[in-house]
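Good morning, colleagues. Please look at the sequence and the structure as they come up on the screen.

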Amino acid sequence: EIPLVLQDSTESIQRTKQAIAALKEVGAYDDIEKAKNSRKIRRGKGKMRNRRHVMRRGPLVVYDKNEGVRAAFRNLPGVDLCPVDALNLLQLAPGGHVGRFCIWTEGAFKRLDEIYGTVRKPSALKTGYHLPRPIMSNPDVARLINSDEIQAVVRPAKPAQRRSSLKKNPLRNLGTMLRLNPHAKTMKRQAALFQERRLKAKQAAKAK
């Protein structure tokens with residue numbers, strides 16, 4: 001079930017085996033196994049710079065009060081922890097990829113409205129902070145562009161411009177020369193044969 005919200009008693013977990021049991025109970029341990037199996041040797045020179053292994057990110061545990069939850073979950077592979085009043089965009093969307101699996105405690109989830117406010121009321125902890133409202137009520141951009149109202153005021157499409165071709169020197173480019181003078185290939189062949197006969201005659205004259 002998304003969002004996954006656990007009871008506040010999760011914040012008082014002290015041991016890692018208790019954290020594993022809690023995650024298995026809600027069916028969230030498969031993501032940790034996936035992160036654990038993705039550990040492999042890094043490519044490139046980073047291996048020589050104390051960054052030998054790379055691993056995929058696992059779930060993000062967001063808590064309200066640290067009563068042992070940080071020490072219990074920090075050794076699980078791929079798991080990151082963050083207090084709700086210091087949420088980090090680099091942890092919520094690592095690498096710019098939105099949609100990380102977050103595990104919330106009940107107290108942390110309830111404090112979101114207090115920290116960031118709602119659509120109707122501003123934040124209680126941040127001065128003058130309002131949640132950004134969506135600028136577009138209809139996100140279907142293709143339908144908007146193709147609507148009759150917009151197409152009626154849009155300028156018509158311009159015809160495709162014909163680009164001028166690159167001029168080539170016919171004295172250096174045989175294809176261009178043949179388009180200008182189809183007999184040029186025969187003349188070039190005759191000149192090569194004439195030069196070959198002339199060299200043979202010259203060598204024969206030297207031999208005598």
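This is a predicted model: local features need pLDDT of at least 70, side-chain atom pairs count only at pLDDT 80 or more; totals for chains, interfaces and linings use all residues.

Residues are numbered from 1 along each chain as its sequence is written, and side-chain values use heavy atoms, with hydrogens and water left out.

Let us begin with the sheet. Four strands make up an open sheet in the order S1-S6-S4-S5, and their pairing is parallel. At its edges lie strand S1 (4-6) and strand S5 (80-83), each of which pairs on one side only. Direction ignored, neighbouring strands of this sheet are turned by 25° against each other on average; such angles are taken between lines fitted to C-alpha atoms. Strands here are DSSP runs of E with at least two residues, numbered from the N terminus, and two strands pair if DSSP finds at least two bridges between them. Strand S4 (residues 60-63) and strand S6 (residues 102-105) are joined in the parallel sense over three bridges. Within this pair, Val62 has Trp104 in S6 as its bridge partner.

Next, the loop between strand S2 (40-41) and strand S3 (53-54), where Asn50 is placed. Asn50 has a positive phi of about 65°, although it is not a glycine. Is Asn50 buried or exposed? Asn50 is exposed, with a relative accessible area of 77%; exposed means over 50%, buried under 20%, and partly exposed in between, using a 1.4 Å probe and protein chains only.

How many disulfides does the structure hold? The structure holds zero disulfides, a disulfide being a pair of cysteine sulfur atoms within 2.5 Å. For Cys82, the nearest cysteine sulfur is that of Cys102, 9.3 Å away. Cys82 is buried, at a relative accessible area of 3%. Cys102 is buried too, at 13%.

Finally, the largest pocket contains about 380 Å³ of space. A pocket is an open set of points on a 1 Å grid over the protein atoms alone, where a 1.4 Å probe fits, with protein on both sides within 12 Å along at least five of seven lines; lining residues have an atom within 4 Å of a point. The volume is the space filled by probe spheres set on the points. Among the lining residues are Asp31, Lys34, Met55, His97 and Phe101. By class, the lining has four nonpolar, three polar and five charged residues; Asp, Glu, Lys and Arg count as charged, and Gly is among the polar ones.

Conventions
Axes are lines fitted to C-alpha atoms, for helices over the stretch in contact, and angles run from 0 to 180 degrees between N-to-C directions.
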